[in-house]
Amino acid sequence: MTVTAIITAAGSGRRLGHPQPKALVRLHGTPLLQHAARRLVMSGQVDDLVVTAPAGHERAFRTLVPEAIVLTGGATRQESVAAALAALHPEADVVLVHDAARPLASPELVSRVVAAVRAGHRAVVPGLPVTDTITAVDPSAEGATAALGTVPRAGLRAVQTPQGFDRAVLDAAHLAGRDSGTMATDDAGLAEALGEPVWLVPGEESAMKVTTARDLALAGLLLDEGA
Ligand code: C5P
């Protein structure tokens with residue numbers, strides 16, 4: 001099986017408050033993109049890397065991850081993944097999709113996801129139990145609003161990346177998503193919309209997503225602790 005990892009890194013990272021794209025922001029001196037790419041490679045599971053870059057930053061990204069195919073991302077994460085899928089090597093049969101915004105996802109997590117795909121699960125995501133109490137609300141509500149009901153959290157998982165797919169499933173999910181105008185927040189959501197069963201493996205705290213300056217500080221602490 002040939003495993004290709006797509007690293008989505010074409011976002012601007014406006015919420016992080018840095019002038020440069022988030023993937024170039026440094027954590028202990030190393031850009032987030034390099035942290036993510038290194039851990040994927042260290043797993044020993046990844047044969048090829050494809051990176052989506054913001055327009056105008058392709059050359060800088062190529063310098064950081066010389067072994068990767070770097071291409072220009074789209075206007076949304078979903079479009080960036082679709083652009084990467086269109087550029088995959090014909091032999092790729094397992095595809096990982098991983099956010100550069102999750103720079104510390106461990107090689108062990110990468111291996112866990114790939115092992116589940118190799119075992120025959122065609123769509124696999126890491127999931128972490130949630131610690132907050134979660135309630136439903138009217139999605140258009142602002143300010144004080146009625147709680148529509150607490151969702152028992154024992155049956156909930158927060159979904160992370162890397163997500164692993166049989167390539168045919170991911171291709172079909174993106175095609176169907178584009179044709180139907182479905183905008184999903186991740187690739188597993190698109191697979192689900194297609195009726196594909198999605199499987200979970202245990203996620204990890206260090207696969208946290210860096211969105212704000214506080215997240216970056218927390219990632220620094222996790223790195224200090226050996227992530
Ligand atoms: O913005 P957010 O952090 O949710 O983005 C998740 C990941 O998707 C990031 O790694 C970001 O670089 C990537 N992305 C992308 N193309 C876009 C928007 C986001 O590759 N147009």
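Of the 227 residues of the protein, 41% count as buried, a residue being buried if 20 or more other C-beta atoms, placed from the backbone, lie within 10 Å of its own, exposed if 12 or fewer do, and partly exposed in between. The model is predicted: local features need pLDDT of at least 70, side-chain atom pairs count only at pLDDT 80 or more, and totals for chains, interfaces and linings use all residues. Residues are numbered from 1 along each chain as its sequence is written.

The protein has seven helices and 12 strands; helices (H or I, at least four residues) and strands (E, at least two) are DSSP runs, numbered from the N terminus. The radius of gyration of the protein is 17 Å, close to the 17 Å from the globule rule for 227 residues, so the protein is as compact as a globular protein of that length. That radius is taken over C-alpha atoms, and the globule rule is 2.2 Å times the number of residues to the power 0.38. Along the principal axes, the C-alpha trace spans about 50 × 40 × 30 Å.

Strand β6 covers residues 94-99, and six of its six residues are buried, so β6 is largely enclosed by the rest of the structure. Val-94, Leu-96 and His-98 point one way from the strand, while Val-95, Val-97 and Asp-99 point the other way.

Two strands pair if DSSP finds at least two bridges between them. Strand β1 (residues 3-8) runs parallel to β6 and is joined to it by six bridges. Strand β11 (residues 163-166) runs antiparallel to β6, with four bridges. Val-97 of β6 is the bridge partner of Ile-6, and Val-97 also stands opposite Gln-163 in β11.

Helix α4 (residues 107-118) has 12 residues, which at 1.5 Å a residue should span 16 Å; its end C-alpha atoms are 16 Å apart, which agrees. The expected span is 1.5 Å times one less than the number of residues. Buried in α4 are Leu-109, Val-110, Arg-112, Val-113, Val-114 and Val-117. These buried residues pack against β1, α1, β6, β7 (123-129), β11 and β12 (199-202), where contact means C-beta atoms, placed from the backbone, within 7 Å. Just after α4, Gly-120 takes a positive phi of about 110°.

Helix α1 (residues 32-42) has buried residues too, among them Leu-32, His-35 and Arg-39. Just after α1, Gly-44 takes a positive phi of about 75°.

Finally, the ligand: of the 17 residues around it, Thr-8, Ala-10, Gly-11, Ser-80 and Ala-101 come nearest, a residue being near if its C-beta atom, placed from the backbone, lies within 6 Å.

Notes:
Contact = placed C-beta atoms within 7 Å.
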